[in-house]
Amino acid sequence: MRNLQELTRPNIWSLAPYSSARNEYSGHVAHVFLDANENPYNAPYNRYPDPLQLEVKGRLSRIKGVPAECIFLGNGSDEAIDLVYRCFCEPGKDNVVAICPTYGMYEVCADINNVEYRSVMLDDQYQVSAAKLLAAADSNTKAIWICSPNNPTGNSINRAEIVKVLERFDGLVIVDEAYIDFSSEKSILHELSQYPNLIVLHTMSKAWGSAAIRLGMAFAQKEIIDIFNKVKYPYNVNQLTQEQALSRLEDTVSVDRWVRMLIQERGRLMQAFAELPVCVKVYPTDANFFLAKMTDAQKIYDYLVEKGIIVRNRTRITLCHNCLRVTIGTKDENSELLGALRVYA
């Protein structure tokens, strides 16, 4: 890995971060707060939230097995994605490499930050080799994006190829594991200490059933997390989100039950889908969704919309022609979808 200072944008490396009122007395116990120009009434929501979300990070540290100092929390995973560009990629000069097709926000954030985005096509099994990813990189490549399990394809990217990229690439490697809880693959988070250039993304939106609170997680070496914290907005995760996250993190039993039910229902739905006359192929998945090639994705999508059933039409995405992406719902929701498709003509 290149020296972290070399990877970081010079203006970011030398940046003096904003010092929030709640950071300046750190280490002391206080009970009278006259520092932040807050309204003294309407407790507790009159106060600014913890800018570093220490209680939430402490809980996550125990669940994920990662030191709290190696955790960044953001307004969804999208904030961490954007911070990679803002912290490390010089606009108009640097570039990133990513698999294709994959989660669209990597490219959107690249475009917003004026950073060249280089796509490496997956093969017909929706896999990619480390050699192809590395061949697309040059001296100005700051990051390689790998979503695994991948969106929209659903499959896990070959772990051996990810490890090769981590070992051979001298920039940052971001492995987005938003759907890892639905996979039989072991999270690469357990190998975080072995790779100083690894950033792993997780989210509360999927297995934790908390998309509404918009809480994303990035795990990396402390030095990388410190740079994220220097650049992020002071109070990026609001108090309501932090409270709901703490409540949700107390109930891992329910999350485990939800995941088991969704995996079981995933198997039932995929098997039934494969038997539909309008379905050409169902692709393997490690996520809470699957990709299915249809006889005419657009017409079937429109038909389902008229029935009040919404799936995702991915036919315009590279390598996904005539494909629908179907999220696993409740048993009743899935049965309603199947019932509609069985009478489709």
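1. A word on provenance. This is a predicted model, where local features need pLDDT of at least 70, side-chain atom pairs count only at pLDDT 80 or more, and totals for chains, interfaces and linings use all residues. Residues are numbered from 1 along each chain as its sequence is written, and side-chain values use heavy atoms, leaving out hydrogens and water.

2. On overall build, you will find 13 helices and 11 strands (DSSP runs numbered from the N terminus: H or I of at least four residues for helices, E of at least two for strands). The radius of gyration is 22 Å, close to the 20 Å from the globule rule for 345 residues, so the protein is as compact as a globular protein of that length (C-alpha atoms; the rule is 2.2 Å times the number of residues to the power 0.38).

3. Now the inside. Buried residues make up 52% of the 345 residues (buried means under 20% relative accessible area, with a 1.4 Å probe and protein chains only).

4. The largest nonpolar core has 52 residues, and Val56, Leu73, Leu133, Leu198, Leu215 and Phe219 have the most contacts inside it (a core is a set of buried Ala, Val, Leu, Ile, Met, Phe, Trp, Tyr and Cys residues joined through side-chain atoms within 4.5 Å). Helix H8 (residues 159-168) gives this core its largest share, four residues.

5. A second, separate core holds 33 residues, including Leu4, Ile81, Val115 and Cys147.

Technical notes
Buried < 20%, exposed > 50% of the residue type's maximum accessible area, 1.4 Å probe, protein only.
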